[in-house]
Amino acid sequence: MMRLERRSHVPLHLAIIAPLAAILTALLLAAGLIAAADVNPLTAYGEMVNGAFGSRLSIAEMLTRATPLVFTGLAAAVAFRARLWNIGGEGQFFVGALITAWIGHSLEVPGWIGVPILMFAGMAAGAALLAGPAFLRLRFGVDEVVTTLLLNFIVILFVGLMIEGPMRDPLAFGWPSSVPVDGDYRLPDLIPRTRLHIGLLVAIAAAGAVWLILARTVFGAETRAAGLNASAAAFAGISLPQTIMGVALLSGALAGLAGSVEVMGVTAGVTTTMSPGFGYAGIVVAMLAALHPAGVVAAAVFVATVFVGADAMSRATGVPSFIADVIVALCLLTMIVALLFTTYRVRR
Amino acid sequence: MTKVLELHDITKRFGALTANDDVTLTLEEGEILALLGENGAGKTTLMNILFGHYAADEGSVRVFGKELPPGLPRAAIEVGVGMVHQHFTLAGNLSVLENVMLGSEPLTRARSARSEARKKLLQIAERFGLPVNPEAKVRSLSVGERQRVEILKALYRDARILILDEPTAVLARPEAMRLFETLRDMTKEGLSLIFISHKLHEVMAASDRVAVLRGGKMVAERNTPETTPEELAELMVGRKVERPVRHDHEIGAPVLVANNVRVEEGGEVRLDEVSFTVHAGEILGIVGVSGNGQASLGGLLSGLVHPIAGRLILLDEDIGHLGPRGMIRAGAGRVPEDRHAEGVVGELSLWENAVLERLRTPEFSRRGFVRQRAAREYTSGLIERFDIRGAAPDTRTRLLSGGNMQKLILGRVLTNGPRFVLANQPTRGLDEGAIASVHAELLAARAEGAAILLISEELEEAVALSDRIQAIVKGRLSEPISADEADPQRLGLMMAGVWKENDDAA
């Protein structure tokens, strides 16, 4: 009979191997689908890597995609640490984007003041959107998985309503888009003549800040204690409602910031198609990172590679680019299995 | 007598750890063998090998003269070995009958043979003196009744050798005594029994023969009538262990006073008209059969539940409405009933657990940041002062043994200079050595003038430590008696609810 035995500690090399093994397995599984489309998987994956790393432009494009994923990955990681299951990153991303476009269109202050104001507005909007489900859970025990997930659809429909109506951009020639943020509030390019903007640096700084909060502050210690053993935390006098609400505000703010930075850095206006599922992919990023802020940056780069590379692969080989979604989703499943093997050891 | 079970030269290694080292053990038909040893001595591993959960690295298992294939629980079940685990493996939402049948019917059969099964179960229950209602949902049963279902489950599979892993760990004293009587009756029906234990008094009371394991080795076998608890304790621990003794001293002023406190939880009255006073330098023992309101009393004095009537006064301050943090600030130290569930966060380091209660004090944080160096230094101090073995400040707390974990919790509580200490089942599940250290620490705190309320289900412990004792029955407290007046008969009556003449509370 096979048994699972808990490991006394997770060795560092396993913590690093686990996500790599998960990714490898997911790629192997997806190779079956690629082969079914009559394409040599090695060729396809070669095109994928080439599409993401083959040139200065493609690397810049990949990092542009990685930027919002870092934010949404951090949002999920922070929430999951406290066992707050925020599946609403997508909705928080969109409210952050929408409020940034709305205020950024009519704001009349210099850029160096305006950009922080707009970021703060996006964060506040995302935080507010998650505060509701967090309150419902704390007050009435409503499952936040359901509320945050369903809010995503409500928010996206609301975005549709706004960009067809009050926030419609008259210059967009019928293409449904909101009014753009003022040119003063567009984020400067990081690499000239690419879409890569300084938002990437903001994202990396955010990862550092989140690490600092979780590892060094009283709030971080209380968050980890509450997530790992809520009864012991409560017994020791840690207020669970305060901690959960604090985590909700931080998580929502990070996802909202993702939307805000994406608008100021890339799209200028809001469209319902501006996110290929950044919020949902953030969950995968957080899981691949084992909820570690530093890992989030690396995992975001990987997921962005799949997204960007899949487009190139699709053009070169004819495999539909939806394969990217399949790979990312498979990674979530394989990572969950990999985490099982890092915390437990199989014995016979 | 015939040998029904023989374990020969069993060795089992887990990495560097040798859990069983060349262990040989036999069981005679119709006897009760106690397998005695401290936590980690290898008792459970040995029984898991017998039952086929683990395969031994060396050695063989013979049941009724036939060798068992290693690592196959089904083979063990088929030859008539049944195991009752310490943590029950029952489905609460199913009935007793369904739980008993579960796993013994082939999945391929379309209709389950419920009525035959019911008949067989009732027959077994009758024969072995284990009365049970087959239709009752397991969820609604008491712990003792659930254990009975576990035993019936093994007997239903025609077990002739029964292994019980720490069967009294979850039982109160009277329930445990009843269990042992039942086991004795079962041997008359031809069953042979092994029970695992680290409690000397029940080994002495209930077994025919004792096998003592220490550090994975079989160190001694004795016929129970020919040995003494003192000898067994020394064999088990490997050295002489003596529990510390309480010395009389001056009792100080009242520190914690409860006055007619009433607590409701989940719409039910859990504590009613509860009054007591704990003085400085005094240990007040609260004894009782488990489930009589100890959990609510513990919650009340931890700041987790609040009285709906009556007052709880700590040094002139009404603390009834305070949460855990307020209680700590008011001078209360709390040792929770369940170390793992409430005492520590196992995945965090020792130092994080050591300062968990005081994260927000200036001692351990500044401007919202944790003062890690101060916290680590404080924890190093605790490790040294409270003799927490095999650990550094950065060790993950769940790796500590129960005794060392309890020392960490005691250290965290006692170094805060508490005026009042709640010690809720402070030695539950600990081995002899650790019990002695916990007792010594509590007595030291008493000598320094702390007022201590001890909730215990172990009568020996309550009598040894307490200056005065009150019994808790159905959420009400008896009048206190002094420790000198406490003899087992009197305490037994008090725990049954008889504490006054003309009392109708029983």
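**View 1. A hairpin in chain B of the predicted model.** Strand 9 and strand 10 of chain B form a hairpin that leaves two residues between them, and in its turn G215(B) has a positive phi of about 55°. Helices (H or I, at least four residues) and strands (E, at least two) are DSSP runs, numbered from the N terminus. Strand 9 (residues 209–214) and strand 10 (residues 217–223) of chain B pair in the antiparallel sense over six bridges, where two strands are said to pair if DSSP finds at least two bridges between them. Within this pairing, V210(B) stands opposite R222(B) of strand 10 of chain B. This is a predicted model, in which local features need pLDDT of at least 70 and side-chain atom pairs count only at pLDDT 80 or more, while totals for chains, interfaces and linings use all residues. Residues are numbered from 1 along each chain as its sequence is written, and chains are lettered from A and ligands numbered from 1 in the order in which they are written.

**View 2. An open sheet in chain B.** Four strands of chain B form an open sheet in the order 12-11-14-15, with antiparallel pairing. Strand 12 (268–279) and strand 15 (317–318) of chain B are the edge strands, since each pairs on one side only. Strand 11 (residues 254–265) and strand 14 (residues 309–314) of chain B pair over five bridges in the antiparallel sense, and L256(B) has L314(B) in strand 14 of chain B as its bridge partner.

**View 3. Two helices of chain A.** The axes of helix 3 (residues 56–81) and helix 10 (residues 240–267) of chain A come within 7 Å and cross at roughly 170°; axes are lines fitted to C-alpha atoms, for helices over the stretch in contact, and angles run from 0 to 180 degrees between N-to-C directions. Helix 3 of chain A is therefore roughly antiparallel to helix 10 of chain A, a term for angles over 145 degrees. The residues of this contact divide into 14 nonpolar, five polar and one charged, where Ala, Val, Leu, Ile, Met, Phe, Trp, Tyr, Cys and Pro count as nonpolar, Asp, Glu, Lys and Arg as charged, and the others, Gly among them, as polar.

**View 4. Where chain B touches chain A.** In this view, 28 residues of chain B are in contact with 20 residues of chain A, contact meaning that the C-beta atoms of two residues, placed from the backbone, lie within 7 Å. On the side of chain B that touches chain A, the residues divide into 14 nonpolar, seven polar and seven charged.

Note on methods: Angles under 35 degrees count as roughly parallel, over 145 as roughly antiparallel, 65 to 115 as roughly perpendicular and the rest as oblique.
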